[in-house]
Amino acid sequence: MIKLIEKGVFFKDGKLVRAKSKDEQAAKGTLAYKILSAHNLSGNDKKLNVKFDEITSHDITYVGIIQTAKASGLDKFPIPYTLTNCHNSLCAVGGTINEDDHVFGLSAAKKYGGAFVPPHLAVIHQYMREMRAFCGGMILGSDSHTRYGALGTLAVGEGGPELVKQLLNRTYDVDMPEVVAVYLKGRLRKGVGPHDVALALVKATFKNGFVKNRVLEFIGNGVKTLSMDFRNGIDVMTTETTCLSSVWVTDEKTKKYYEQHGRVSAYKEMSPDNGAYYDRGIVIDLSKVEPMIALPFHPSNAYTIKDFLSRPYELLKEAEEAGQKLLPEGKGTFKLTDKIKDGKVYVEQGVIAGCAGGMYENIAAASEILGDTAIDNNDFTLDVYPSSQPVYKGLVEGGYIGKLMDNGAVIKTAFCGPCFGAGDVPQNNGLSIRHTTRNFESREGSKPANGQLSAVALMDARSIAATAKNGGAITSAMDMEYSEKIRKYRFENKIYKARVFNGVGNADNKNELVYGPNIADWPKMQPLKDNLLLKVVSVLNDPVTTTDELIPSGETSSYRSNPLKLAEFALSRKDPLYVGRAKAVRDGAFPTELGLNEENTSYGSVVCSVKPGDGSAREQAASCQRVLGGVANIAKEYATKRYRSNLINWGMLPFLFDKNDFKVDEYIYVENVKEKIANGAKEFTAKVIGDNPREIVLKMDALTDAEKQIILKGCLINYYKG
């Protein structure tokens, strides 16, 4: 189904050919190289200073970004900035504060010259696909699933401070990434959807880091067999491979998509040069892809549904044991094996939603599969969220919404909540199957610290519909008879014209920002002193720590505009004592008993872990630590570039150490750290002070000149203030 090629390859005459060595000149023939070099201001194609064409955020990130940029001297948005509202859309949660954020966003769009998409109108990535992406462009988003590669746009998801840099006419600084050819061949079989391809790709590449921080470039004859909804559905999931970005060849189907959305001028034909060189290769035989299921607690924990159903007890037992470890000792029991009844595996909930699942073809296919069959199981629910109001209207016009309603499905508006735990939280010990992007532990909204735990398995909309038709028993769509004929979708732009505020390029500083009571400024951050004293306040030994674990998603969304309140949730799912320990360091006295000079020594807390930062671009995973007095992380490696960047932008040192053998309450002293950072040191001799005193060498990957200054100044805001 999927073949990985670790060595370099050429794309020659429509085929992949293994290369004996890297060809630097031929590497310039990839789409990724062409787009990146066209946006690079450094004059050095190895060290890039990228200016994006556009940026975008949703309503749990844009307030902090605009507040940071304002504190750094923002006058107007220098490039198109689209503010969407698809994460904090449930305005009853937290009283008025969610809608207060929306009002702030609209006032910012008016004042600084941006676009504002009201709540429930579209999820962020669907709107950007429909209205803003363009061939050969680059878009930066403060959401990790910022991917518009299927439309010829190289898009990157990063933490908010990287968007602040673009707003202040600075650059996104990154080494030229390696490019991986994803060669598609063959044709998908009936019953196989885009999520099946995506989950197979994630399974093949995540754990081995095969594409980490690289760009995926989709090529090959198989591309033309896929509709644009299929391409977009696969593309958005490339985030889960930990790649940096993605881009696809474009063709007549791409052109028709732009024509359909009234933007044919955004199209141009894009293909790599004949003989283009790629650093690695992936071959996906679409004809061999089968319906997949990603079991809790990661998209890479994927199996074919056929394989899963052949040994459900074994695989559910593994997930059950992993889940039990998330619960505090003596606080609750997590069961999944009880889903097996009479040889079938039953689930309680199905959800089709968001930027991955909520597209027209997915929902229409689900309706065709259900046919006239009502959901004959009161213990099973099916919720469907079209990804935009135009998609919703198209589904109504096609008759699909009415059929789904008749079948017992509940149709909701464009909202990302089911993807991050702000909607449709299953019951305790419940198992939900979802065509959404992630199924990390507790991301669906349960709270293990309180003895609650439910879980999500990822599946394509087609197999979710097959499961619904089969009374909630997990079923592959390949086992269903149904029509693949789907009525043609007609996009209607009147919806956006009536409601979207488009002030791009028309800043009016006479407008004032409208603040609600929950919108707070960032607290002051202190510059780095000559020496550094760290106190260990949390040690996380999980193989990977996600951003959801560093700062929870759904239950915190209403507080993303208030740094101090939000920080109270930091590490609450993994280490409930962390906040108290960190505050004790931040608010307590300098430990003079250690014999160190307080005047020239920065003192703060540190979190030690194995591999932090997988998943979301959420900058608050770092900023909350900083607000609580954190000054560094120590890890064996960082799961994503964006988490490391978030640490740096908030003035925290991203140390590396090959052992995570630290103990809470130990001190770590690094002498002359300021001088070493300024001089570009990659090794830092440190003394561990505690019950097991020792000398260690902390390491750090190279910092750019700007990153050095940001750390020395204490954070990005201080850096721009000068």
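These legends go with a set of close-up views of the structure.

What you see is a predicted model, in which local features need pLDDT of at least 70 and side-chain atom pairs count only at pLDDT 80 or more, while totals for chains, interfaces and linings use all residues. Residues are numbered from 1 along each chain as its sequence is written, and side-chain values use heavy atoms, with hydrogens and water left out.

**View 1. Helix α5, a mostly covered helix.** Helices here are DSSP runs of H or I with at least four residues, strands are runs of E with at least two, and both are numbered from the N terminus. Buried stands for under 20% relative accessible area, exposed for over 50%, and partly exposed for anything in between (1.4 Å probe, protein chains only). The buried set reads Ile124, His125, Gln126, Tyr127, Met128, Arg129, Glu130 and Met131.

**View 2. Ser388 in the loop between β21 and α14.** The loop sits between β21 (381-384) and α14 (389-397). Ser388 counts as buried because its relative accessibility is 0%. A polar atom of the Ser388 side chain lies 3.2 Å from the backbone nitrogen of Val391. Neighbours within four places in sequence aside, Ser388 is in contact (heavy atoms within 4.5 Å) with Leu121, Ala122, Gln126, Glu130, Ala414 and Tyr496. Gln126 and Glu130 are also among the buried residues of α5.

**View 3. Helices α8 and α9 packing together.** Helix α8 (residues 228-236) meets helix α9 (residues 252-260) at an angle of about 95°, and their axes are 10 Å apart. Axes are lines fitted to C-alpha atoms, for helices over the stretch in contact, and angles run from 0 to 180 degrees between N-to-C directions. The two helices are therefore roughly perpendicular, a label for angles of 65 to 115 degrees. On the α8 side, the contact uses Met228, Arg231 and Asn232; on the α9 side, Lys253, Thr254 and Tyr257. Sorted by type, that makes 2 nonpolar, 2 polar and 2 charged residues. Nonpolar covers Ala, Val, Leu, Ile, Met, Phe, Trp, Tyr, Cys and Pro, charged covers Asp, Glu, Lys and Arg, and the others, Gly among them, are polar.

**View 4. The salt bridge between Lys22 and Asp279.** A salt bridge puts a side-chain nitrogen of Lys or Arg within 4 Å of a carboxyl oxygen of Asp or Glu, and the whole structure has 31 of them. In this one, the N to O distance is 2.9 Å. Lys22 is in the loop between β3 (15-18) and α1 (24-27) and Asp279 in the loop between β14 (276-278) and β15 (280-285), so the pair ties together parts 257 residues apart in sequence. Lys22 is partly exposed at 41%, whereas Asp279 is buried at 11%.

**View 5. The salt bridge between Glu637 and Lys212.** Here N and O are 3.0 Å apart. Glu637 lies in the loop between β30 (630-635) and α23 (641-649), and Lys212 in the loop between α7 (194-205) and β12 (215-219), so to speak distant parts of the chain, 425 residues apart. Glu637 is partly exposed, at 35% relative accessible area.

**View 6. Leu370 in helix α13.** Helix α13 covers residues 360-370. Leu370 is buried, with 0% relative accessibility. Leaving out neighbours within four places in sequence, Leu370 is in contact with Leu382, Leu404, Asn407, Ala465, Ala468 and Lys469.

How values were computed
Polar contact = N/O pair within 3.5 Å; in protein donor to acceptor, adjacent residues only side chain to side chain. Parallel < 35°, antiparallel > 145°, perpendicular 65-115°, else oblique.
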